[in-house]
Amino acid sequence: MVRVHGSPDDRPRRRGQGELEAQVLAALRQAPGPVTAAWVQERIGGTLAYTTVMTILTRLQTKHAVTRERAGRSFEWRAASDEAGLAALRMRKVLDAEADREAVLARFVTALSPDDERLLRELLVLPEDGLDIGPAPGAAPGDRPEGGTGA
């Protein structure tokens, strides 16, 4: 819990759902490579118990948001994806939890802005192996990914 000083009764404030996970992921994204739980604990302020940090890392691993590798008798951790990849994972989990995927996708697409709809249409015409968004190695800035339709 976090203390909010100056509150009328000075009671601890409960963290929002996912707040600690977000802090741990932010620390891992800034890491120079795989890091220990102690490194993460230190980066997010060191006020959390080591066991709490381990619990968060383990939950994030279950959600496929982080990976771990054996390093001697312990583990080193890293973020499994960047923020866009994690957002895509969350979107996929929401979609997977719904019985009528077609209705969910239809509602999602109809709620997109015109620019987002255009972008989605361009991405959908990419070849399946062309989903690595971004210019190809050696491509000039502004080049479209192979298979893109242009503006």
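Strand 3 and strand 4 (residues 74–79) pair in the antiparallel sense, over 6 bridges. Pairing requires at least two DSSP bridges between two strands. Strands are DSSP runs (E, at least two residues), helices are runs of H or I with at least four, and both are numbered from the N terminus. The two strands make a hairpin, with 2 residues between them. G72 sits in the turn and has a positive phi of about 70 degrees.

This is a predicted model: local features need pLDDT of at least 70, side-chain atom pairs count only at pLDDT 80 or more, and totals for chains, interfaces and linings use all residues. Residues are numbered from 1 along each chain as its sequence is written, and side-chain values use heavy atoms, leaving out hydrogens and water.

Now take R68. Its bridge partner in strand 4 is W77. R68 also lies over the face of F75, at 3.8 Å from the ring centre. The criterion is NZ of Lys or CZ of Arg within 6 Å of the ring centre and within 35 degrees of the ring normal.

Step back to H64. This residue is in the loop between helix 3 (50–62) and strand 3 (66–71). Its phi is positive, near 65 degrees, and H64 is not a glycine. Most residues other than glycine have a negative phi. H64 counts as exposed because its relative accessibility is 59%; exposed means over 50%, buried under 20%, partly exposed in between (1.4 Å probe, protein chains only).

Finally, confidence. Mean pLDDT (the predictor's confidence in each residue, from 0 to 100) is 80 for the protein, and 74% of its residues reach 70 or more. Over residues 134–151 the pLDDT is below 50. Where pLDDT is low, the predicted coordinates should not be read in detail.

Technical notes. Contact means heavy atoms within 4.5 Å.
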